[in-house]
Amino acid sequence: YDFVRDTEEPMDRNGHGTHVAGIAASTNYGIAIESTLYSVRVLDENGSGTEADAIAGIEWCIKNSIHVANMSFGGPVASQALEEVCRYAWQHGMLLVAAAGNNGYGPNYPAAFGEPVIAVAAVDENLQHPDFSSIWETNDISAPGVGIASTYINEGYARLSGTSMAAPHVTGSLALALSIASGEEDGLEGIMKETAESNGFDEPEVFGAGLVRTDRMAKHLA
């Protein structure tokens with residue numbers, strides 16, 4: 001659904017959403033390539049959006065029994081209403097994954113809500129911290145976020161960087177894990193953190209539990 005234009009044709013007019021979706025589930029680059037991907041548009045052609053549309057998008061996911069919701073967006077402040085809908089979705093079994101932010105330091109909501117949302121920081125190809133990836137106490141996990149190739153609008157491909165690109169690596173990994181775990185969401189976040197790869201630095205506010213390792217999650221669940 002497109003909550004920006006209030007239509008059932010949620011076409012991407014910016015490129016950001018297509019790139020994020022491709023990382024999670026496209027047949028060429030995606031992680032969970034046989035998952036069912038739903039487009040819920042809450043950002044406009046300039047990449048901006050409102051909390052009201054974000055809340056409506058999460059409510060749509062709850063109503064339609066979505067297992068994993070990727071939220072590659074955010075801001076430094078948030079309302080209690082957004083936090084409450086995230087907590088409600090989490091309490092009803094939905095896995096919420098969000099970008100930790102690209103400001104280098106500080107909270108980025110909804111990622112910074114803590115327990116209800118899995119906050120994803122970015123690492124580069126050397127598993128190091130890129131300057132843009134926000135450092136904050138609620139960071140849960142890290143994933144590749146520098147120069148990521150994925151699908152783009154107009155049937156193209158592009159390389160983009162950001163925690164927006166890191167988040168769908170985790171979303172796709174959780175979707176793949178769900179296919180092995182027979183749809184049981186409980187405990188998957190814990191397994192993801194237990195099987196994460198450390199880069200040798202004990203800095204959870206920077207890297208969370210470490211680099212997400214989809215292969216280790218799958219092996220653990222098999």
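This is a predicted model: local features need pLDDT of at least 70, side-chain atom pairs count only at pLDDT 80 or more; totals for chains, interfaces and linings use all residues.
Modeller: Residues are numbered from 1 along each chain as its sequence is written, and side-chain values use heavy atoms, with hydrogens and water left out.

Colleague: Switching to charges. How many salt bridges turn up?

Modeller: The search of the whole structure gives eight. The cut-off is a side-chain nitrogen of Lys or Arg within 4 Å of a carboxyl oxygen of Asp or Glu.

Colleague: What does D2 pair with?

Modeller: D2 bridges to R13, with 3.9 Å between the closest N and O atoms. Both sit in the segment before α1 (16–25), so the pair ties together parts that are 11 residues apart in sequence. Helices here are DSSP runs of H or I with at least four residues, strands are E runs of at least two, and both are numbered from the N terminus.

Colleague: What about R213, which residue does it bridge to?

Modeller: One partner is E197, with the closest N and O atoms 2.8 Å apart. R213 is in the loop between α6 (204–207) and α7 (214–221) and E197 in the loop between α5 (188–194) and α6, so this pair ties together parts 16 residues apart in sequence. R213 also meets D215 in a salt bridge, at 2.7 Å from N to O. Both partners are partly exposed: E197 at 23% and D215 at 44%. As for networks, salt bridges with shared partners join D2, R13, R41 and E45 into one.

Colleague: New topic: where does S142 lie?

Modeller: In strand β4, residues 139–144. S142 is buried, with 1% relative accessible area.

Colleague: What does its side chain reach?

Modeller: The S142 side chain gets to the backbone oxygen of F207 at 2.7 Å. Leaving out residues up to four places away in sequence, S142 touches several others, including V120, A121, V206, G208 and L211; contact means heavy atoms within 4.5 Å.

Colleague: What span should helix α4 have?

Modeller: At 1.5 Å a residue, the 18 residues of α4 (163–180) should span 26 Å, and the end C-alpha atoms are 26 Å apart, which agrees. The expected span is 1.5 Å times one less than the number of residues. The helix is mostly covered, with 14 of the 18 residues of α4 buried. Just after α4, S182 has a positive phi of about 55°.

Colleague: Last one, where is D186?

Modeller: D186 is in the loop between α4 and α5, and D186 is exposed, at 69% relative accessible area. Its C-alpha atom is 31 Å from that of N126, 60 residues apart along the chain.

Definitions and conventions
Buried means under 20% relative accessible area, exposed over 50%, partly exposed in between (1.4 Å probe, protein chains only). A polar contact is a pair of N or O atoms within 3.5 Å; within protein, one must be able to donate a hydrogen and the other to accept it, and residues adjacent in sequence count only if both atoms are side-chain atoms.
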